[in-house]
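This briefing is meant for a reader meeting the structure for the first time. Please keep the sequence and the model in view while reading, and look up each residue as it is named.

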Amino acid sequence: MKRVLVTTDFSDCSKNAVNFVVQSAKIIPLEIILLHSYELSGNLYTDYMGVNKEFKESLVNDAHNQLIQQKKEIFETEGVEVKAVFFRGTLQDGIKEETESSNISLIIMGTTGASGIDKSIWGSKTADVIGKTSLPVLAIPKEFKWKWPEKVLIATNHFEKEPVILDFIFEMTNLYKAETHVAVFTDEDDDSPETMIDYGLKIEDYSNFLKKQYHEQSLVAKNIFGEEFEDTIEAYLKEFEIDMLVMITYQRDFWDRIFHPSITKRMSYHTHIPLLAIPVVKK
């Protein structure tokens with residue numbers, strides 16, 4: 001986690017995400033790239049006639065100046081240097097181009113939560129990136145107030161052992177010196193009694209594996225039960241005062257995505273603490 005990309009649209013939501021990474025960079029050595037994407041609108045006729053050209057350029061210049069001003073304010077108030085990147089085009093394209101050219105290891109974005117129009121404008125952009133990128137995405141809720149993550153929960157319904165997934169997670173928890181919790185979920189409605197018993201027996205072996213592999217002797221691993229994954233996880237977050245939630249996203253086919261929206265993407269709408277989404281990319 002050396003070079004990170006944080007997106008900004010100059011809203012309070014995105015400023016909160018920027019603040020999270022800036023505060024982290026005061027202790028963790030991070031190279032921060034601040035990205036603003038500006039998508040021009042119009043049509044071929046008005047562009048050809050030059051009707052919108054001058055107006056569009058003034059909007060572009062204003063946005064670019066805001067980005068430079070934000071970069072300047074971060075250094076003046078926090079003493080942290082960031083690299084500012086202005087991209088003409090969609091947010092998805094801007095992220096794709098910058099992550100490929102700059103060897104980014106983590107994308108950081110703001111999310112507004114699950115209420116009203118905010119969800120459709122900005123929260124959906126974060127969830128959309130989570131569903132399409134092959135990189136980890138850290139979603140910072142708008143209402144989240146900066147707090148050093150002392151407790152991190154890895155929530156899953158699998159016994160993850162892939163190094164490409166776990167190495168990144170435990171590198172991050174070690175950098176933050178955070179206490180690590182692992183919760184393996186069993187669905188009381190859909191899972192068979194045999195599965196529930198099997199998960200209960202496996203959790204101790206899984207805990208020992210993680211402790212040995214990642215030298216995390218203080219790690220807490222539990223098999224948790226519930227009717228709804230989101231509700232069960234929310235209860236755990238509250239009970240153990242968790243500061244960051246980690247979830248793993250899996251690639252699924254088209255119709256599965258239509259009828260069963262990603263739990264991780266749904267969590268990005270209503271979690272009140274930072275959510276780190278780790279993608280599993282099919283080889």
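The model is predicted rather than taken from an experiment, and local features are described where pLDDT is at least 70. The protein chain holds 10 helices and 10 strands, and buried residues make up 47% of its 283 residues. Among the contacts in the chain with a separation of 6 or more, 78% are between residues 24 or more positions apart.

- Strand β5 covers residues 137–141, and because 5 of its 5 residues are buried, the strand is largely enclosed by the rest of the structure.
- Strand β10, residues 275–280, pairs with β5 in the antiparallel sense over 3 bridges, and L276 in β10 is the bridge partner of L138.

**The loop residue L135**

- L135 is found in the loop between α5 and β5, and it counts as buried because its relative accessibility is 18%, where the cut-off for buried is under 20%.
- Once neighbours within four places in sequence are left aside, L135 is in contact with T99, I104, S105, I107, A277 and P279.
- One of these contacts, P279, is 144 residues away from L135 in sequence, while the two C-alpha atoms are 6.5 Å apart in space.

**The cavity**

- The structure holds 1 cavity of 30 Å³ or more, and the largest cavity contains about 40 Å³ of space.
- Its lining is made up of 10 residues, and those that lie nearest the centre of the largest cavity are V21, L30, L106, I108 and Y176.
- The elements that give two or more residues to this lining are α1 (12–25) and β4 (106–111), and α1 gives the most, with 3 residues.
- By residue class, the lining of the largest cavity divides into 9 nonpolar residues, 1 polar residue and no charged residues.

**The second largest pocket**

- The second largest pocket has a volume of about 260 Å³, and of the 14 residues that line this pocket, S37, E39, T90, L91 and K125 are the closest to its centre.
- Two or more lining residues of the second largest pocket come from each of β2 (31–38), α4 (91–102) and α5 (116–132), and the largest share, 4 residues, comes from β2.
- Which classes of residue line the second largest pocket? The lining of this pocket divides into 4 nonpolar, 7 polar and 3 charged residues.

**Helix α6**

- Helix α6 has 14 residues, 163–176, and reaches 19 Å from its first C-alpha to its last, which is close to the 20 Å expected at 1.5 Å a residue.
- The buried residues of α6 include I165, L166, F168, I169, F170, M172, T173 and Y176, and Y176 is also one of the residues that lie nearest the centre of the largest cavity.
- The residue that follows α6 is K177, and its phi is positive, near 55°.

**Two further buried residues**

- Q70 belongs to helix α3, residues 53–78, and it counts as buried because its relative accessibility is 9%.
- Apart from neighbours within four places in sequence, Q70 is in contact with T8, F10, K15, V18 and L34.
- G226 lies in strand β8, residues 220–226, and with a relative accessibility of 7% it also counts as buried.
- The C-alpha atom of G226 is separated by 7.6 Å from that of F185, although the two residues are 41 residues apart along the chain.

How values were computed. Residues numbered from 1 in each chain as written. Predicted model: local features only at pLDDT ≥ 70, side-chain atom pairs only at ≥ 80, totals over all residues. Heavy atoms only, no water. 1 Å grid on protein atoms, 1.4 Å probe; cavity = no way out; pocket = protein on both sides within 12 Å on 5 of 7 lines; lining within 4 Å. Points joined across faces, edges and corners; volume = space filled by probe spheres on them. Nonpolar A, V, L, I, M, F, W, Y, C, P; charged D, E, K, R; others polar. Expected span 1.5 Å × (residues − 1). Buried < 20%, exposed > 50% of the residue type's maximum accessible area, 1.4 Å probe, protein only. Pairing = 2+ DSSP bridges. Contact = heavy atoms within 4.5 Å.
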